[in-house]
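Please find below a note prepared for colleagues who wish to read this structure alongside its sequence.

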Amino acid sequence: MKNHSPLQVSQAGWIQLAGADDRLSDKKIRRSISRETLGGTMANKVKWVTDIEKSVLINNFEKRGWTQVTENEDWNFYWMSVQTIRNVFSVDTGYRLSDEQMVNHFPNHYELTRKDLMIKNIKRYRKDMEKEGSPLAEKDENGKYLYLDFVPVTFMLPADYNLFVEEFRKSPSSTWIMKPCGKAQGKGIFLINKLSQIKKWSRDSRTSTFVAASSGKEAYVISLYIDNPLLIGGKKFDLRLYVLVTTYRPLKCYMYKLGFCRFCTVKYTPSTSELDNMFVHLTNVAIQRHGDDYNHVHGGKWTVSNLRLYLESTRGKEVTSRLFDQIHWIMVQSLKAVAPVMNNDKHCFECYGYDIIIDDKLKPWLIEVNASPSLTSSTANDRILKYNLINDTLNIVTPNGDIPDCRWNRSPPREALGNYQVLYDEEQALSENVERDLRSRSGQSLGSKGMAKGGTGPRPAAATWK
């Protein structure tokens, strides 16, 4: 059967496809490779299921010659929504995956991807590092973390309401952003700069009181708003970057090189009169595409490589490299923060969508992490990027397109990584630290590879960041 890889479509075809709804027709969704064509090789084909009907997924499965089945049949690979993963690993169903089955979420991925739990785990991680006496937990004279200060000051509502009020009164002119813990695409987000606005929200909300909200259904986080974002062309933007985790213990993760920036359609202003204008403040495409100035050709997006070129030309190469090193370091620390509580099921992997904002001092801030980053294509380039993202992800988690076996040691050769690069490999880091320790004790030189610029000491490779 002919493969329908989107990379074989003409540029004109791309634009036509990108402008249409990304959901496939029912006929195409249900199309699978015919048993007659496959003949006797049927048993050796990966059998796939998905409840996310996106062409960038289905085209990748078809390109590999995999066979589509239903969730009630025997399957090897299931790319599922976060709602479905709850059912698969539900205590009630007691479902057990076989060694030849693989899914695209960890059972409790929400420890990182729910806004309140991410903050809770990072705060716990900081305290653990302090107890261990780690130099990473060092603070300045004001009690502020020197290195682990990479998320904005955040409180959970209603639980931390009194703590929030205390913090707010220290800087009464500050702006705060409120987000519902369990929603995405900018839904339910608003900005405040007065305590009276919180009280009004509490009265007007469906729960009518904070106490009722504590049931968890409409819990919110409130974070200090980054009101000095780096602007390009006067507009605010954030970065969407992708990180693939194949195992949490030991931690093994990969960084995708081809992320993008999402720009607001209206020029940024810190003016309090524009607090309600989400076209100024929120970069989510789901919001910006409804703006009068939204551009359907480029979708208000820049590639990360374009951002790097811009920063190198305006701020210098060294400063730019340091910024991206910091971003990668933040990602590793956030994964380390949740690793102890993550259910490290051997049948799972996860491709996370990281949202990072850079302020005007070129300090990166982790805003949130998404468990199901959008696979909808808003532009031609968007579709190419997301198709390649899925392709490279599948090459790592199902090497050679073979039937999965969760007993594998998933360490693909470098040439199989595509646009991924190793972000952190805990096993390698531990072995290199042992070797470094032995060498330093025996007085051996680390050589030029192990020296930082200027010869001031060892500089571990990115794969072994601590």
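Predicted model: local features only at pLDDT ≥ 70, side-chain atom pairs only at ≥ 80, totals over all residues.

1. An open sheet is built from 4 strands in the order β2-β1-β3-β4, and their pairing is parallel. Its edges are formed by β2 (67-68) and β4 (102-103), each of which pairs on one side only.

2. Within this sheet, β1 (residues 47-50) is joined to β2 by 2 bridges in the parallel sense. At this pairing, W48 lies opposite Q68 of β2. Helix α4 (residues 55-63) packs on the sheet, where it touches β1 and β3 (77-79). The direction of α4 makes about 175° with that of β1.

3. Helix α8 (residues 161-170) has two contrasting sides. Y161, F164, V165 and F168 are buried. Viewed down the axis of α8, the buried residues fall within an arc of 100°, and therefore they line one face of the helix. N162, E166 and K170, on the other side of α8, are exposed.

4. Which residues of β6 are buried on each of its faces? W176, M178 and P180 are buried on one side, and I177 and K179 on the other, so that both faces are covered. In total, 5 of the 5 residues of β6 (residues 176-180) are buried. In a regular strand, side chains alternate between the two faces of the sheet.

5. Strand β6 has two antiparallel pairings to be noted. With β7 (residues 190-192) it forms 3 bridges in the antiparallel sense, and W176 stands opposite I192 of β7. With β8 (residues 220-224), β6 is joined by 5 bridges, the two strands running antiparallel; here Y220 in β8 is the bridge partner of P180.

Terms used:
Residues numbered from 1 in each chain as written. Heavy atoms only, no water. Pairing = 2+ DSSP bridges. Contact = heavy atoms within 4.5 Å. Axes fitted to C-alpha atoms, helices over the stretch in contact; angles between N-to-C directions. Buried < 20%, exposed > 50% of the residue type's maximum accessible area, 1.4 Å probe, protein only. Arc of directions from axis to C-beta.
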